[in-house]
Amino acid sequence: RLKYALGIAFVCFVVFGVGFFMGQIYAQTSTPNIYLDILPSTASYVISTDGTYYYATRHDGYLAYGGPANRGGVNGTSASAVIQAALNALTSGGIIFIKAGTYNDISININKDGIILKGEGRDNTVRNVKSGSVGINLKLPSGKSTLENVVLEDFSIYGQPDWTSSHLIAFQEDGDLGALVVNRVKFRYIA
(Lines give C-alpha, C1' and ligand atoms only; values in the text may rest on other atoms or scores of the structure.)
Protein backbone atom coordinates (compact mmCIF):
# COMPACT_ATOMS: atom_id res chain seq x y z
CA ARG A 1 0.00 0.00 0.00
CA LEU A 2 2.81 2.40 0.77
CA LYS A 3 4.29 1.88 -2.71
CA TYR A 4 0.85 2.51 -4.24
CA ALA A 5 0.40 5.75 -2.22
CA LEU A 6 3.91 6.93 -3.10
CA GLY A 7 3.24 6.13 -6.76
CA ILE A 8 0.01 8.19 -6.74
CA ALA A 9 1.79 11.07 -4.96
CA PHE A 10 4.63 10.98 -7.49
CA VAL A 11 2.19 11.01 -10.45
CA CYS A 12 0.26 13.93 -8.90
CA PHE A 13 3.52 15.81 -8.31
CA VAL A 14 4.66 15.24 -11.90
CA VAL A 15 1.25 16.27 -13.35
CA PHE A 16 1.13 19.38 -11.15
CA GLY A 17 4.73 20.29 -11.96
CA VAL A 18 4.28 19.90 -15.70
CA GLY A 19 1.02 21.90 -15.56
CA PHE A 20 2.63 24.62 -13.50
CA PHE A 21 5.65 25.03 -15.78
CA MET A 22 3.53 24.87 -18.95
CA GLY A 23 1.32 27.58 -17.46
CA GLN A 24 4.36 29.73 -16.74
CA ILE A 25 5.64 29.32 -20.29
CA TYR A 26 2.21 30.09 -21.75
CA ALA A 27 1.81 33.16 -19.53
CA GLN A 28 5.18 34.52 -20.64
CA THR A 29 4.62 33.97 -24.37
CA SER A 30 0.90 34.70 -24.75
CA THR A 31 -0.85 38.04 -25.14
CA PRO A 32 -0.46 40.42 -22.22
CA ASN A 33 -2.92 40.43 -19.36
CA ILE A 34 -5.88 42.74 -19.68
CA TYR A 35 -6.34 44.62 -16.47
CA LEU A 36 -9.82 45.61 -15.34
CA ASP A 37 -8.96 49.29 -15.16
CA ILE A 38 -8.69 49.53 -18.97
CA LEU A 39 -11.95 47.79 -19.82
CA PRO A 40 -14.99 49.84 -20.80
CA SER A 41 -16.92 48.22 -17.92
CA THR A 42 -15.12 50.59 -15.54
CA ALA A 43 -16.23 53.63 -17.51
CA SER A 44 -18.91 55.97 -16.24
CA TYR A 45 -20.22 56.18 -19.83
CA VAL A 46 -19.41 54.34 -23.03
CA ILE A 47 -19.89 56.36 -26.23
CA SER A 48 -20.55 54.44 -29.44
CA THR A 49 -21.82 54.98 -32.96
CA ASP A 50 -23.48 52.90 -35.65
CA GLY A 51 -22.43 55.40 -38.33
CA THR A 52 -25.71 57.34 -38.14
CA TYR A 53 -26.48 57.75 -34.46
CA TYR A 54 -24.36 58.30 -31.38
CA TYR A 55 -25.09 56.65 -28.04
CA ALA A 56 -24.01 57.25 -24.43
CA THR A 57 -24.53 54.12 -22.35
CA ARG A 58 -24.11 54.29 -18.59
CA HIS A 59 -21.85 51.89 -16.67
CA ASP A 60 -24.92 49.77 -15.81
CA GLY A 61 -25.85 49.27 -19.49
CA TYR A 62 -28.66 51.85 -19.57
CA LEU A 63 -28.80 53.96 -22.74
CA ALA A 64 -28.82 57.42 -21.21
CA TYR A 65 -28.31 59.82 -24.13
CA GLY A 66 -28.74 59.94 -27.89
CA GLY A 67 -29.68 57.21 -30.32
CA PRO A 68 -32.61 57.39 -32.78
CA ALA A 69 -35.05 58.16 -29.92
CA ASN A 70 -32.94 61.12 -28.71
CA ARG A 71 -32.71 59.64 -25.20
CA GLY A 72 -32.29 62.12 -22.39
CA GLY A 73 -33.46 64.88 -24.75
CA VAL A 74 -30.11 64.73 -26.56
CA ASN A 75 -29.90 64.74 -30.37
CA GLY A 76 -28.63 61.27 -31.30
CA THR A 77 -27.17 62.52 -34.60
CA SER A 78 -24.77 64.89 -32.81
CA ALA A 79 -21.59 63.30 -31.44
CA SER A 80 -20.81 66.52 -29.55
CA ALA A 81 -24.22 66.65 -27.86
CA VAL A 82 -24.03 63.00 -26.76
CA ILE A 83 -20.46 63.24 -25.41
CA GLN A 84 -21.22 66.58 -23.72
CA ALA A 85 -24.34 65.16 -22.05
CA ALA A 86 -22.27 62.30 -20.62
CA LEU A 87 -19.60 64.74 -19.40
CA ASN A 88 -22.25 66.99 -17.85
CA ALA A 89 -23.79 64.02 -16.02
CA LEU A 90 -20.55 63.29 -14.16
CA THR A 91 -20.64 64.79 -10.70
CA SER A 92 -17.02 64.38 -9.62
CA GLY A 93 -14.83 63.08 -12.39
CA GLY A 94 -15.12 59.81 -14.24
CA ILE A 95 -14.21 57.91 -17.36
CA ILE A 96 -15.81 58.49 -20.74
CA PHE A 97 -14.81 55.56 -22.96
CA ILE A 98 -15.26 56.22 -26.68
CA LYS A 99 -15.60 53.08 -28.76
CA ALA A 100 -13.89 52.77 -32.15
CA GLY A 101 -15.56 54.79 -34.88
CA THR A 102 -15.67 58.22 -36.47
CA TYR A 103 -17.23 61.02 -34.45
CA ASN A 104 -17.89 64.13 -36.55
CA ASP A 105 -18.31 67.79 -35.68
CA ILE A 106 -16.77 67.50 -32.22
CA SER A 107 -16.87 70.54 -29.97
CA ILE A 108 -17.00 69.70 -26.25
CA ASN A 109 -16.18 71.39 -22.95
CA ILE A 110 -14.40 69.71 -20.06
CA ASN A 111 -14.97 71.74 -16.91
CA LYS A 112 -14.65 69.15 -14.13
CA ASP A 113 -11.65 67.73 -12.34
CA GLY A 114 -10.75 64.07 -12.76
CA ILE A 115 -12.11 63.51 -16.27
CA ILE A 116 -10.63 60.71 -18.37
CA LEU A 117 -11.57 60.78 -22.06
CA LYS A 118 -10.33 57.45 -23.43
CA GLY A 119 -10.71 56.12 -26.96
CA GLU A 120 -10.43 52.58 -28.26
CA GLY A 121 -7.11 53.19 -30.00
CA ARG A 122 -5.67 56.21 -31.72
CA ASP A 123 -6.08 54.62 -35.16
CA ASN A 124 -9.60 53.34 -34.46
CA THR A 125 -11.28 56.30 -32.75
CA VAL A 126 -11.33 59.44 -34.90
CA ARG A 127 -12.86 62.68 -33.75
CA ASN A 128 -13.29 65.37 -36.38
CA VAL A 129 -13.52 68.92 -35.03
CA LYS A 130 -16.46 71.03 -36.11
CA SER A 131 -15.55 73.80 -38.53
CA GLY A 132 -14.91 77.09 -36.76
CA SER A 133 -14.93 75.43 -33.33
CA VAL A 134 -12.64 74.23 -30.59
CA GLY A 135 -12.57 70.44 -30.48
CA ILE A 136 -11.89 70.01 -26.76
CA ASN A 137 -12.21 73.17 -24.71
CA LEU A 138 -10.74 72.85 -21.21
CA LYS A 139 -12.49 75.23 -18.79
CA LEU A 140 -12.15 75.96 -15.11
CA PRO A 141 -14.63 74.24 -12.82
CA SER A 142 -17.19 76.62 -11.34
CA GLY A 143 -15.66 78.66 -8.53
CA LYS A 144 -12.15 77.22 -8.95
CA SER A 145 -8.91 78.63 -10.31
CA THR A 146 -7.40 75.28 -11.41
CA LEU A 147 -8.57 72.42 -13.62
CA GLU A 148 -6.98 69.20 -12.29
CA ASN A 149 -6.32 65.65 -13.45
CA VAL A 150 -7.66 65.57 -17.00
CA VAL A 151 -6.54 62.63 -19.16
CA LEU A 152 -6.95 62.44 -22.94
CA GLU A 153 -5.94 59.02 -24.24
CA ASP A 154 -6.03 56.65 -27.23
CA PHE A 155 -7.84 58.58 -29.96
CA SER A 156 -7.17 60.81 -32.95
CA ILE A 157 -8.44 64.33 -33.23
CA TYR A 158 -8.52 65.98 -36.63
CA GLY A 159 -9.11 69.57 -37.56
CA GLN A 160 -10.63 70.56 -40.88
CA PRO A 161 -8.33 70.04 -43.92
CA ASP A 162 -9.06 73.62 -45.01
CA TRP A 163 -7.81 74.86 -41.60
CA THR A 164 -11.16 76.34 -40.56
CA SER A 165 -11.04 74.77 -37.10
CA SER A 166 -10.18 77.23 -34.37
CA HIS A 167 -8.21 74.78 -32.17
CA LEU A 168 -8.09 71.06 -31.57
CA ILE A 169 -7.56 71.51 -27.82
CA ALA A 170 -7.69 74.82 -25.97
CA PHE A 171 -7.46 76.21 -22.44
CA GLN A 172 -8.86 79.70 -22.76
CA GLU A 173 -9.32 80.83 -19.20
CA ASP A 174 -7.40 82.87 -16.66
CA GLY A 175 -6.34 80.11 -14.29
CA ASP A 176 -4.14 77.06 -13.99
CA LEU A 177 -4.24 73.74 -15.75
CA GLY A 178 -2.84 71.14 -13.37
CA ALA A 179 -2.03 67.59 -14.44
CA LEU A 180 -3.18 67.36 -18.04
CA VAL A 181 -2.10 63.99 -19.45
CA VAL A 182 -2.20 63.41 -23.21
CA ASN A 183 -1.40 59.77 -24.02
CA ARG A 184 -1.36 58.16 -27.46
CA VAL A 185 -3.38 60.95 -29.10
CA LYS A 186 -2.80 61.70 -32.77
CA PHE A 187 -3.37 65.27 -34.03
CA ARG A 188 -3.99 66.20 -37.67
CA TYR A 189 -4.60 69.56 -39.36
CA ILE A 190 -3.50 71.51 -36.30
CA ALA A 191 -4.76 75.08 -36.42
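The accessible surface of the chain in this predicted model comes to about 10900 Å², with 56% of that area belonging to carbon and sulfur atoms (areas from the Shrake-Rupley method with a 1.4 Å probe; for residues, only the protein chains shown count as cover). Of the 191 residues, 37% count as buried (under 20% relative accessible area; exposed is over 50%, and partly exposed lies in between). The model is predicted, and local features need pLDDT of at least 70, side-chain atom pairs count only at pLDDT 80 or more, and totals for chains, interfaces and linings use all residues. Residues are numbered from 1 along each chain as its sequence is written, and side-chain values use heavy atoms, leaving out hydrogens and water.

The secondary structure consists of 2 helices and 12 strands (DSSP runs numbered from the N terminus: helices are H or I with at least four residues, strands are E with at least two). Along the sequence, the pattern reads α-β-β-β-α-β-β-β-β-β-β-β-β-β.

Helix α1 spans residues 2-29 and holds F13, which is exposed at a relative accessible area of 59%.

Turning to the strands, β1 (residues 45-49) runs antiparallel to β2 (residues 54-58), joined by 5 bridges (strands pair if DSSP finds at least two bridges between them). These two form a hairpin with 4 residues between them, and G51 in the turn has a positive phi of about 100 degrees. Strand β2 is also joined to β3 (residues 63-66), antiparallel, by 3 bridges. In the β2-β3 hairpin, 4 residues lie between the strands, and G61 in the turn has a positive phi of about 90 degrees. Y55 in β2 stands opposite S48 and also opposite G66 in β3.

Methods. Buried < 20%, exposed > 50% of the residue type's maximum accessible area, 1.4 Å probe, protein only.
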